[in-house]
Amino acid sequence: MSIVVTGATGALGRLVVEQLLTTVPASGIAAVVRDKEKAAALAARGVELRIADYSHPETLAGAFRAGDRVLLISGSEVGSRVAQHSAVIDAAKAAGVAQLAYTGILGGPDADFVLADEHKVTEQLILDSGLPHTFLRNGWYTENYTANLAPVLAHGAVVGNAGDGRIASATRADYAAAAAAVLTGEGHLGKAYELSGDVAWSLTEYAAVIAEASGKEIVHNDVPAAVHQEILVGAGVPEGFAAVLTDVDEAIRRGLLAHSNGDLARLIGRPTTPLAETVAAAVAAQ
């Protein structure tokens, strides 16, 4: 039996493996990756590599073993994820894994925005499969914002169409720690965890935190969704994904990413990482 992390060289998967390595021998961890070379550092540390691709179901046949505890990290290709996830679920069921944990989205079946659609279908596929499962319904990553600090600092503005909606974000490391806790602990089968940061914040507050960290004047410009989409497309974001992002902002405006019930902090055994701490580190890295 191994603890298996899919997408193990991705932004979240890499952090999950790092967290697991603090408590689990490397020989007990398997990383499912598409590119062996990208995972060479993991192999050098003793982590087993299993080469497979969500988009090629035939490669998944050897990705899992009976009794494995598996983390299915949702794919990054919006629009293709249901087919990809279905292939992983089928392979996990055929192998007889002991647990399939899935990184979905905050709100689960109640999330009514476009980005949630494939997650909701995936959760139902897992339920229909009969696999022992755990749903990790991740809220928004703080890095979704701090990764785009350069234009904010350059233009002195945080632009969005979320109004005064609030975001209970947490860092990828926080979510990774929760995933590791669920994969290594007991009592998590059949559970759905609503994971989010301890404190929700608005984009106006986010702008103020950036201003404090950078010493620059930063304002929040709230614009209509159509205008925001034009700005994103003008910045090089594909039109389809720009529409998804503006739809998320509308969900934020309606309060759908503000929920904070403490599940994440309880799983990781500490408070979630404060927004100001993540922003300060990101500003310093610019």
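I looked up Arg45 first: at 43% relative accessibility this residue counts as partly exposed. I use buried for under 20% relative accessible area, exposed for over 50%, and partly exposed for what lies in between, with a 1.4 Å probe and protein chains only. The model is predicted, so I note that local features need pLDDT of at least 70 and side-chain atom pairs pLDDT 80 or more, while totals for chains, interfaces and linings use all residues. Residues are numbered from 1 along each chain as its sequence is written, and side-chain values use heavy atoms, without hydrogens and water.

**Salt bridges**

I took as a salt bridge a side-chain nitrogen of Lys or Arg within 4 Å of a carboxyl oxygen of Asp or Glu. The search of the whole structure gave 14 of them.

Arg45 pairs with Glu18, and their closest N and O atoms are 2.5 Å apart. Glu18 is in helix α1 (residues 11-20) and Arg45 in the loop between α2 (40-44) and β3 (48-51), so this bridge ties together parts 27 residues apart in sequence. Helices here are DSSP runs of H or I with at least four residues, strands are runs of E with at least two, and both are numbered from the N terminus. Glu18 is partly exposed, at a relative accessible area of 32%.

I then checked Arg137, which forms a salt bridge with Glu123 at 2.8 Å between the closest N and O atoms. Arg137 belongs to strand β6 (residues 133-138) and Glu123 to helix α4 (residues 117-129), so the pair joins parts 14 residues apart in sequence. Both Arg137 and Glu123 are buried.

Asp263 and Arg266 form a further bridge, with 2.8 Å between the closest N and O atoms. They are three residues apart in helix α11 (residues 263-268), which separates them by about one helical turn. Asp263 counts as buried at 13% relative accessibility, whereas Arg266 counts as exposed at 56%. I also noted a network in which Glu48, Arg50, Arg65 and Asp68 are joined by salt bridges that share partners.

**Nonpolar cores**

A nonpolar core is a set of buried Ala, Val, Leu, Ile, Met, Phe, Trp, Tyr and Cys residues joined through side-chain atoms within 4.5 Å. The largest has 57 residues, and Val16, Leu20, Phe64 and Leu71 touch the most other members. Helix α7 (residues 172-184) gives the most to this core, with eight residues.

I listed the contacts of Leu20 (heavy atoms within 4.5 Å). Leaving aside neighbours within four places in sequence, Leu20 is in contact with Ile3, Val5, Ile29, Ala180, Leu183 and Thr184. A second, separate core has 30 residues, including Trp201, Val248, Leu257 and Val283.

**Aromatic pairs**

I paired rings of Phe, Tyr and Trp (its six-membered ring) if their centres lie within 6.5 Å; planes under 30 degrees apart are stacked, over 60 edge-to-face, and the rest tilted. The count comes to four aromatic pairs. Trp201 and Tyr206 have ring centres 5.3 Å apart and planes at 35 degrees, so this pair is tilted. Both Trp201 and Tyr206 are buried. Ring pairs link these two residues and Tyr145 into a cluster.

**Surface patch**

Last, I looked at Val159, Val227 and Ile231, which make a nonpolar surface patch of about 200 Å². Patch residues have over 30% relative accessible area and no salt bridge; like charges are joined within 9 Å, and nonpolar side chains (Val, Leu, Ile, Met, Phe, Trp, Tyr) within 5 Å. Accessible areas come from the Shrake-Rupley method with a 1.4 Å probe, and for residues only the protein chains shown count as cover. Val227 sits in helix α9 (residues 225-234) and counts as partly exposed at 35% relative accessibility.
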